[in-house]
Amino acid sequence: MKLLTGNDLKTGFVTWWTGADWSLHIEDAADVGEQGEAILAAEEGARRVNAPYIIAGEATADGPRPAHIKDRIRALGPTVRPDLTLKPADPAAGDWVI
Amino acid sequence: MYKYDEYDQQMVDARVAEFSDQVRRRLAGEITEDQFKPLRLMNGLYLQLHAYMLRVAVPYGTLDSRQMRMLAHIARKYDRDYGHFTTRQNIQYNWIKLEDAPAILADLASVEMHAIQTSGNCIRNISSDQWAGAAADEITDPRPWAELLRQWSSFHPEFSYLPRKFKIAVIAANEDRAAMRLHDIGIQIVEKDGQHGAAFYVGGGMGRTPMIAPLIKDFVPLDDMLSYAEACLRVYNRYGRRDNIYKARIKILIHELGADEYRRQVEEEFKHVKSLGIDPPKAEFDRIAAQFAPPALDASAPDAIDRSDPDFAVWVDQNVAKHKVSGHAIVNISLKPVGGIPGDASSAQIDLMADLAEQYSHDELRVTHAQNIVLPHVRKADLYAIWQALDAAGLATPNLDLISDIIACPGLDYCSLANARSIPVAQKIATRFSDLGRQKELGELKLKISGCINACGHHHAGHIGILGVDRKGIENYQLLLGGSGAEDVSLGTITGPGFDEDGIVDAIERVTDKYLAERTEGERFVDTFRRVGMAPFKEAIYG
């Protein structure tokens, strides 16, 4: 699967294309398939997200996951500060990242 | 320390106003990211993995308690309650919101700070010896010269769009605590026939193609220093490789031209530049230098230290250095607790260090390129009170220059350029060697980790260096031995095939075990490596 990601203009936070909008949560990401470039171009025009790009992803039982380690770290937060990730209360939340 | 005059303040305030409007236009959708990116980078605002990152300049690593408290305030109000001190003697905030950036820069300007020229192909923050003005071995305080270079390089119209970024360090002692020869220009203030002058080393650097700067001029009269620096930059600006980012640093130009030809061109350019009158009149330099006048220290203050508390004594032995004035000392605060993140400090810790500086160190602090903090002017009689306060705040780790005093870049946990994580490796090594007796047995051992070839973690200059690489999406770590950023400068050599995250920790243990087996009396790790060479270490690592 292919995922579309970028960083939110105002906050810089990592954000994922859901099929209709952007979400901070990788679980909400949609497979953009062959539509990625067209969505990317439209969203660049909308100027809500910085430097959007398409990545390879994998479908799992827990939802989509980026294929590359860099985007897996982006998806959750720094591995060395679980308290600063999107799921600070869940110690197992990062098990799939590394 | 230097205080802004009205021109300094006007320049910084004007930049805050200008950038505030640029941010407004970007948020309003009036300009694109492609248009905005160079503008934000000129103000130190990067976009990293998780958020915007703001890099704040700390000129030559010197700041006062008011400025340090502002750094804590920014961490608390606009970030996530911590900051990261860097190998460029700066501080970075990892979770900045674009809409907050103008307010942050305004707050910084209110205490004579900014983020200008902390990015981009310009002359970056001037770095220096963190013990400047206090070191027992310096011939003069190098900071007035560093400040002069700061003023000269700030908004320099000719050098705002160089072929590539440009880093300058200034020291004034034979012991090099600033990795001077690994800078684009390294200046050492030296003495000859009773006069001070500047030795210019040009063309050093780490990154993809590490090089040690050759000596270009052994003695430039200080009255000519700016003109000579201008000539060095002009030759680079004219002939530096703008066509290839990987060959654009001055080190490549000098390597290709040869030091002799580069020197010849600089000398020729210097003759012209000197006629332009850019070196400041003596009165102006004296005005700057007066602001670095040594603090009033009582040389009759007690020299003895009560070492009856054994934990305190251990800290004194490792983290306290000799001051040029009797009865005083230099306190080095380690930001490397075992298992911690090298260079990180919470807002509460930053505030505490500011308080200690105000109360005990003539209101001065320093940021070191090794990502630690220094209180430069402390009475020995106050050391115990300082240690108690630091210990209560988790800031009294007695590991300066030991194996756990690791330089590490933010790596793949934060940096968009990184290929591998640095911090977890640093944490695992520090934990593996957490026994202080074992660390002291190993002695001075500088371990430096970078998460990519750009070498922000100075891995080439580590006695032991680690470079994180990406092997088909898997983190892999190369091991280097024998580097040094000090006066015995050298570049590390790769041992062989790389390791995974746990494997690199095991490999380092095999290296240190081999060192203990091979060393002779008084030899540091790097000395033993230089004597016996790579072969025995390679055999110990790979069998």
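## How confident is the model?

The structure you are looking at is a predicted model. The model's ipTM is 0.97, and its pTM is 0.97 as well. For chain B, the mean pLDDT comes to 97, and 100% of the residues reach 70 or more.

Let us begin with the contact of the two chains.

## A sheet with antiparallel pairing

Now turn to chain B. One open sheet there has 5 strands in the order β1-β2-β5-β4-β13, and the pairing is antiparallel. Which strands stand at the edges? They are β1 (45–47) and β13 (344–346) of chain B; each has a single partner strand, so one side of each has no neighbour in the sheet. From one strand to the next, the twist averages 30°.

To see the pairing in detail, find β1(B) and β2 (residues 52–56) of chain B, which pair in the antiparallel sense over 3 bridges. Tyr46(B) has Met53(B) in β2(B) as its bridge partner.

## Helices that lie across this sheet

Helix α4 of chain B lies across β1, β2 and β5 (91–96) of chain B, and runs at about 15° to β2(B). Helix α11 of chain B lies across β4 (82–85) and β13 of chain B, where it runs at about 85° to β13(B).

## Helix α3 and its two partners

Helix α3 (residues 65–77) of chain B packs with helix α4 (residues 101–109) of chain B at an angle of about 165°, and their axes are 10 Å apart. The two helices, α3(B) and α4(B), are therefore roughly antiparallel. Their crossing is right-handed. On the α3(B) side, the contact is made by Met70(B), His73(B) and Ile74(B), while α4(B) brings Ile104(B), Asp107(B) and Leu108(B). Together, the residues of this contact of α3(B) with α4(B) are 4 nonpolar, 1 polar and 1 charged.

The helix α3(B) also meets α11 (residues 347–360) of chain B: their axes come within 8 Å and cross at roughly 170°. That angle makes α3(B) roughly antiparallel to α11(B). Among the residues that meet here are Leu71(B), Ala72(B) and Ala75(B) in α3(B), and Met353(B), Ala354(B) and Ala357(B) in α11(B). By class, the contact of α3(B) with α11(B) has 8 nonpolar, 2 polar and 4 charged residues.

Strands of a sheet pair through backbone hydrogen bonds, either parallel or antiparallel. Another open sheet of chain B has 5 strands in the order β6-β7-β8-β9-β10, with mixed pairing. Its edges are β6 (127–128) and β10 (215–221) of chain B; each has a single partner strand, so one side of each is left without a neighbour in the sheet. Strand β9 (residues 195–202) of chain B runs antiparallel to β10(B), and 4 bridges join them. Here Tyr201(B) stands opposite Leu215(B) in β10(B).

## Strands β17, β18 and β19

Further along chain B, β17 (residues 447–450) runs parallel to β18 (residues 464–471), with 4 bridges joining them. Ser450(B) stands opposite Leu467(B) in β18(B). How does β18(B) pair with β19 (residues 474–481) of chain B, in the parallel or the antiparallel sense? The pairing is antiparallel, over 8 bridges, and Ile464(B) stands opposite Leu481(B) in β19(B). The hairpin of β18(B) and β19(B) has 2 residues between the strands, and Lys472(B) takes a positive phi near 55°.

Finally, look at α15 (residues 501–518) and α17 (residues 534–542) of chain B, whose axes come within 9 Å and cross at roughly 135°. This makes α15(B) oblique to α17(B), in a right-handed crossing. Residues that meet include Val511(B) and Lys514(B) in α15(B), and Phe537(B) and Ile541(B) in α17(B). The contact of α15(B) with α17(B) has 6 nonpolar, no polar and 4 charged residues.

Note on methods: Residues numbered from 1 in each chain as written. Chains lettered and ligands numbered in written order. Predicted model: local features only at pLDDT ≥ 70, side-chain atom pairs only at ≥ 80, totals over all residues. Axes fitted to C-alpha atoms, helices over the stretch in contact; angles between N-to-C directions. Parallel < 35°, antiparallel > 145°, perpendicular 65-115°, else oblique. Left-handed = near helix turned anticlockwise from the far one by under 90°. Contact = placed C-beta atoms within 7 Å. Nonpolar A, V, L, I, M, F, W, Y, C, P; charged D, E, K, R; others polar. pLDDT = per-residue confidence, 0-100. Pairing = 2+ DSSP bridges.
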